[in-house]
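Thanks for making the time this morning.

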Amino acid sequence: MTSHDEDGTSESVADGRDGGDGGDGASIPVLGATVDDQTRCVHYRGPLDVVAIRFHCCLEFYPCFRCHTDAADHAVSVWPRDEFDTHALLCGACQTTLTITEYQSTDACPACGTAFNPGCSLHYPLYFES
Ligand SMILES: [Zn+2]
Ligand SMILES: [Zn+2]
Ligand SMILES: [Zn+2]
C-alpha cells in the first residue's frame, strides 16, 4: 500500500537577481502619459501605482483608463470573464505580466513583491467584466 502525499506545492525558487541591468530584453511598451518607467502616469503616480493594464479593445498597455481615454480614439471594452486568463496586467517594477485572475486575487506582485494599489479594485468594472 503506497500512501503518496502530494501536497502540490512546488517551492518557488527566488532567483536573486541583484543589480542586473534589465531582464531578458522583453520590455513591454506602455502607452499614455507615463511619467517614469514603472508605468506611473500623470493621473496616478503614487508609490503603489505600478501596474499597467492591457485594454481589451486595442490590446495596448496603458497606465490607467484616463490615459487610454486621452490617447485612444475609441471606447474601452472590458475583458470578458472567459478571457481572465489573459496576461493583461503588467508590474511596472519588474515587468512581469499577470493574468486578470492572478491580479484580482493578490495585493502585491508575485514576482517582486511590490504592493499594488488597493484602490485599483474600485476601477475593476472599467477594465474587467464584473
Ligand atoms: Zn483601447
Ligand atoms: Zn493615466
Ligand atoms: Zn513585480
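Predicted model: local features only at pLDDT ≥ 70, side-chain atom pairs only at ≥ 80, totals over all residues.

Strand β1, residues 51-54, and strand β3, residues 87-91, pair in the antiparallel sense over 3 bridges, where a strand is a DSSP run of E with at least two residues, a helix is a DSSP run of H or I with at least four, both numbered from the N terminus, and two strands count as paired if DSSP finds at least two bridges between them. Within that pairing, V51 has C91 of β3 as its bridge partner.

Residues are numbered from 1 along each chain as its sequence is written, and chains are lettered from A and ligands numbered from 1 in the order in which they are written.

Taking the sheet as a whole, 4 strands form an open sheet in the order β2-β1-β3-β4, with antiparallel pairing. β2 (61-62) and β4 stand at the edges with a single partner strand each, so one side of each has no neighbour in the sheet. On the β2 side, 2 bridges join β1 to β2, and I53 stands opposite Y62.

How enclosed is β3? Of its 5 residues, 4 are buried, so the strand is largely enclosed by the rest of the structure; buried here means 20 or more other C-beta atoms within 10 Å of the residue's own, exposed means 12 or fewer, and partly exposed lies in between, with C-beta atoms placed from the backbone.

Of its 24 residues, V51, A52, I53, Y62, L89 and L90 touch the most other members. β1, β2, β3 and α2 (100-104) each supply at least two residues, and β3 gives the most, with 4.

L59, in the loop between β1 and β2, has a positive phi of about 60 degrees, and Q95, in the loop between β3 and β4, has one near 65 degrees. L59 counts as exposed, with 9 C-beta neighbours inside 10 Å, whereas Q95 is buried, with 20.

Technical notes. Core = buried A, V, L, I, M, F, W, Y, C linked by C-beta atoms within 7 Å.
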